[in-house]
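Work through the exercises below with the structure at hand. Each task is followed by a solution in steps.

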2 protein chains.
Amino acid sequence: MTERIARYLQEERPESPCLVVDLEVIAENYRRLHEALPLAAIYYAVKANPAAPVLEVLRDLGSRFDAASIYEIEHCLRLGIGPERLSFGNTIKKSCDIATAYRHGIRMFAFDSGPELDKLAEAAPGSRVFCRFFMDGAGADWPLSRKFGCDLDMAADLLTRARDQGLQPHGVSFHVGSQQTDPGQWDLALGKTQMLFTTLKERGIELRMVDLGGGFPAHYLTDVPDELGYGSAIMAAVTKHFGNRIPELVIEPGRGIAGDAGVIQSEVVLISRKSYADSVRWVYLDIGKFGGLPETMGEAIKYRIVTPRDGGPTGPVILAGPTCDEVDVLYQQTRYELPLDLQIGDKVEFMATGAYTSTYSSVGFNGFPPLREHYI
Amino acid sequence: MTERIARYLQEERPESPCLVVDLEVIAENYRRLHEALPLAAIYYAVKANPAAPVLEVLRDLGSRFDAASIYEIEHCLRLGIGPERLSFGNTIKKSCDIATAYRHGIRMFAFDSGPELDKLAEAAPGSRVFCRFFMDGAGADWPLSRKFGCDLDMAADLLTRARDQGLQPHGVSFHVGSQQTDPGQWDLALGKTQMLFTTLKERGIELRMVDLGGGFPAHYLTDVPDELGYGSAIMAAVTKHFGNRIPELVIEPGRGIAGDAGVIQSEVVLISRKSYADSVRWVYLDIGKFGGLPETMGEAIKYRIVTPRDGGPTGPVILAGPTCDEVDVLYQQTRYELPLDLQIGDKVEFMATGAYTSTYSSVGFNGFPPLREHYI
C-alpha cells in the first residue's frame, strides 16, 4: 500500500467497504510500461478501471485507449479524448454501435470472424481493422476460453477479405491471458504473427500493426517478473521474428496499469465456527464476490490481504462475503491464514485491487450499494 | 412466457437487453404457495427481486418479508411495510445495522454463531431470534457451501444462551438449497428440527417457530414438482415429526415467487466459428454473466431459451455474453441447441428470469449499463 493511500484511509476514514486508488501509481505504471516497451503505443484497457480520474491522468500522459463498448467510447470522448486515440477492441459489436463509433470518428476496430467483418465493412467503411487470433493462455491466472480469436488460416483469409470489402487490413492482435506470468508466451504468439504477416504479404497485403494485447500482471500473492523483464522478453521475441523490420506495436494494459494502484478496505463483520470441532474460522467481510471481488470466482485471483494485527500467530480461515448467497465465498480452497486475534470490526485490506473491481460490483445485490471509490 | 409479457415485448419493443416481469404471476405464485402451505407465514426473500412494484403487490397480498441487509429493510419501510412484517434473516450483520433495524422496530433476527448472538443481545435486546442450522443441500441446483448454519449441538447451546442473554429464543431455520427439486430434503431437516425442539424443551425453553427456508423452485430446463407437491411433502414431514403440536411455520420463497414471473429478452450480436473445422457455433448475446445472468456461473442454473426461429433444425452452440471477459460465457459444457438459421439481430429470450437477475447485474462492467427492468 502506498503512503498516500495509508494516510487517506487513516485521515479520512471512508465508509467501508471502499476502493482507494492512488493516481500517482497509475501515472508511474504508465511511465514504466512506456520505458519497458518504448516502441509500443499504449492503449489503456478502459474496462480495467474506467473512472474519470484514471482516464484523465492517462489522457494527459498521452495514452491511447482500448474500448470494450460504445459506452466506454462515449465516456472517453466526453473526457476530451480524441477519436484518433481510441480503438474499438471488442470483437463482439452491434452494428448500430459500430455505426455510432464511426460517426464519432473512430477508425480502428477489432474483429475475429466473417460476420463481424461484414458489419464493419457496412458500418465503418475504410476503417483500419485488425484480426484477433487464438492463443491458449497457458500460464495466465485468469483463464482464456476460446471466446475470442480465430485460428491462423481463418485470420489470414479474413484479413484478405477485409481488403476486398474496402477496409484497411491493419494488423493482428492476440491476448496471452490476463495476469500472464510467463513472458515466453509472447514469443509463441509473435512466431504465429510473423507467419501471418508472411502469408498476407504473399497475397499482396502489407500488415502494419501487431497488438500484443494485455496480460501485464498486477502484484497478487505470487511473484511476477517486472515490467522491464516483460519488455525485454517481448522485444527479444519481436526482433527474433521480425528482424529489423519491426511492425507498429500496440499494447493494451489494464490490470498492469490500474491493478497495483488500488486498495480495497473492508471490515470484519463476523468471525465464527460451524461446530465445536471446527479448526478453521469463517471470517465474513463486508465485501464479497458481488461487491467488487468477482475475480475471486474459482479463486482465480488471489489477493494479498493485510490486517492491523499482522505479525502475530495465524490460523487458517475461510473468507466469505456479507450476502445471503452461498456462493459468495472468496477463498475456501486456497489456504489463507489470518491472525488468531483478528476481531470483528477490524479493517482488512485487499492489495492491488485497482483493476476489475469497481465496475464489476453489482448494482445492489442483497441491497448492498456498489463499491465506493476514492481517487487521490 | 405469459401473454402479457409477449404482448408487451411486441408492442413496446423495449431496448435490449431487458427484463420484463408480469406482476400478475407474482401474485399468482404467492397465492399458490399460500394455498399449498396455508399454515405457513410467507416471508418473501426480498433479495430475489426487490423491485418496488414486486414488493407492493406482495405487500397488498399480506406477505411478510425476509431482508438480507439494512438497505433492504429500509427499502421495505419506505414502501409502507411495517417493521412487524420484516425479518432480518441474514446471519452476518454489522452491529450498527442491527441497532438501526432495532430502532426501526424490527424484532426478528437470524443468527448462527455465538459472536452474532452477542451483537444481537447488545443491539437488539429482547428480540425474537432464530438459529440457522446446517443442511448439506443435496438435490439443489444452486449449491450450498457451509457458509450458513451451525451444527445441531451448537444450535441448541446458542438458543439456550440466547435466553440467558435476554433474547427470546424463537425457533430455528434451515435452508435446503435454492431451486431444490427433492421435497424429501424437508423431511430430513424437520427431523433434526424436532430433535432441537426436544433438547431445548428439556432445558426449559419452548421454541415456537420453524423457518423452512426457501428452495421453492422456478421452472428452468428440468421438470420440478409443483407447489402442491411441495406443500403436501412438507406438511407430511411436519406432521410426522411434530404430530398435532405443529409449530409456527415460516417459508422464505424468493425464486419460487419471482422466478417464473420474468423473462429476459436479449439480442444476438454475433454468430461465428473459430476455425473452418468447428462444428459448434459461438452465439454471442447482448447479455452475459455480468449483465444479469450470474447464476450461469458454473452453469448452475440452466434457463430455457426461446428464439423466433424455434421449430426447425437445430445445432449445438456455445452461448456467450458481450463483454471482453473470457469468463463471460453462459453455457459451454451444457449442450444447448439453437436453430441453424438463427441470425444476428434475432431476439433470444431467457425464461423464468424474474429472480436473481436484475440486482446481480454489474454497475457497468465494460461500460454496459445495468439490466433494464419493466414491471407490467
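**Exercise 1. Two helix pairs**

Is the crossing of α2(A) and α9(A) left-handed or right-handed? Determine also how the two helices are oriented and which residues join them.

Solution. The model is a predicted one.

Step 1. The crossing of α2(A) and α9(A) is right-handed.

Step 2. Helix α2 of chain A spans residues 23–36 and helix α9 of chain A spans residues 227–242; their axes come within 8 Å and cross at roughly 30 degrees. Angles under 35 degrees count as roughly parallel, so α2(A) is roughly parallel to α9(A).

Step 3. From α2(A), the contact takes Arg32(A), Leu33(A) and Ala36(A), while α9(A) brings Glu227(A), Leu228(A), Tyr230(A) and Gly231(A).

Step 4. Sorted by class, the residues of this contact of α2(A) with α9(A) are four nonpolar, one polar and two charged.

Step 5. Helix α7 (residues 152–164) and helix α8 (residues 184–202), both of chain A, pack at an angle of about 40 degrees, and their axes are 10 Å apart. The pair α7(A) and α8(A) is therefore oblique.

Step 6. The handedness of the crossing of α7(A) and α8(A) is right-handed.

Step 7. On the α7(A) side the contact consists of Leu152(A), Ala155(A), Ala156(A) and Leu159(A); on the α8(A) side it consists of Lys192(A), Met195(A), Leu196(A), Thr199(A) and Leu200(A). The contact of α7(A) with α8(A) counts seven nonpolar residues, one polar and one charged.

**Exercise 2. Domains of chain A**

Which domains does the assignment give for chain A, and which elements of domain 1 supply at least two residues each to the side that touches domain 2?

Solution. 

Step 1. The domain assignment divides chain A into domain 1, residues 23–258, and domain 2, residues 260–375.

Step 2. Taken over C-alpha atoms, the centres of domain 1 and domain 2 of chain A are separated by 33 Å.

Step 3. Domain 1 of chain A puts 20 residues into the contact, and domain 2 of chain A puts in 17 residues.

Step 4. On the domain 1 side, at least two residues each come from α2, α3 (52–60), β7 (140–142) and α10 (255–258) of chain A. The largest share, four residues, belongs to α2(A).

Step 5. The side of domain 1 of chain A that touches domain 2 of chain A holds 13 nonpolar, five polar and two charged residues.

**Exercise 3. The two chains**

Solution. 

Step 1. The contact joins 56 residues of chain B to 56 residues of chain A. On the chain B side, α4 (70–78), α6 (114–123), α7 (152–164), β12 (262–272) and β16 (329–339) each supply at least two residues. With four residues, β12(B) gives the most.

Step 2. By class, the side of chain B that touches chain A comprises 30 nonpolar, 15 polar and eleven charged residues.

How values were computed. Residues numbered from 1 in each chain as written. Chains lettered and ligands numbered in written order. Predicted model: local features only at pLDDT ≥ 70, side-chain atom pairs only at ≥ 80, totals over all residues. Contact = placed C-beta atoms within 7 Å. Nonpolar A, V, L, I, M, F, W, Y, C, P; charged D, E, K, R; others polar. Axes fitted to C-alpha atoms, helices over the stretch in contact; angles between N-to-C directions. Parallel < 35°, antiparallel > 145°, perpendicular 65-115°, else oblique. Left-handed = near helix turned anticlockwise from the far one by under 90°. Domains from an automatic or database assignment.
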